[in-house]
Amino acid sequence: MFKGIKDKLKYKSGVKFLKAAMERPVVPADRSHGITSVGCIVDMDKFENSDVFFQFQEEYALRPNAVKIIGYKSYYDKNSPYATPVFSDKDLGWNGAIENSYALEFLSREYDLLVNYYKEDNLLMKLMSVNTKARFRVGFSEVDSYFNDLILEVPLNDFKVFKKELKKYLSVLNEIGG
């Protein structure tokens, strides 16, 4: 019984933190022009093949380890191995904190490009996005435009089209070579 109330209070404090964070102006990461590092927040409940994001390495001629991926699952077993580091609803702490070592490691880095690869209105993924230091953010229209500088209208399950459209816009913005 107590755990249910505690979880609801944590959720409410997370929502309150997110609203406050969204009222502050976005401070972009202090990074130079061009794409040298990519962070990806992926809804693995809706898109399981997170390995495709490593294609950005070849696509943008990035060095090894330049692409970092973290996946969201509404539930995961801490004893089961996942190829991609994951976080879930049970990792929500007080005041919007995410209590997960993989998430904290992801958030400790700065990225030139943050890919918000989710369409669900999900508190945890939004908290990850708002806490990630990134110069440029891309995602989908179903998520509040606050979280993304570039919004693509493509199906979530069609990564090939997403990658093609993203490359086209990054070329236009002179972030990558055409």
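Analyst: Let's get our bearings along the sequence: the chain reads α-β-α-β-β-α-β-α-β-β-α, which comes to five helices and six strands. Keep in mind that this is a predicted model.

Now to S2, which covers residues 67–72. How many of its residues are buried? Six of its six, so to speak, which makes the strand mostly covered; buried here means under 20% relative accessible area. The cover is on both faces: Val67, Ile69 and Gly71 are buried on one side, and Lys68, Ile70 and Tyr72 are buried on the other. Note that Lys68 is in that buried set along with Ile70 and Tyr72. For the chain as a whole, buried residues make up 48% of the 178 residues.

Next, the partners. Strand S1 (residues 38–43) runs parallel to S2, and six bridges join the two. One place to look is Cys40, whose bridge partner in S2 is Ile69. S2 also pairs with strand S3 (residues 86–87), again in the parallel sense, over two bridges. There, Tyr72 has Phe87 of S3 as its bridge partner.

Zooming out, 62% of the chain's contacts with a separation of 6 or more link residues 24 or more positions apart. The radius of gyration is 16 Å, which agrees with the value near 16 Å that a compact globule of 178 residues would have. The C-alpha trace spans about 55 × 40 × 30 Å along its principal axes.

Notes: Residues numbered from 1 in each chain as written. Predicted model: local features only at pLDDT ≥ 70, side-chain atom pairs only at ≥ 80, totals over all residues. Heavy atoms only, no water. Helix = DSSP H or I, 4+ residues; strand = E, 2+ residues; numbered from the N terminus. Rg over C-alpha atoms; globule rule 2.2 N^0.38 Å. Buried < 20%, exposed > 50% of the residue type's maximum accessible area, 1.4 Å probe, protein only. Contact = heavy atoms within 4.5 Å. Pairing = 2+ DSSP bridges.
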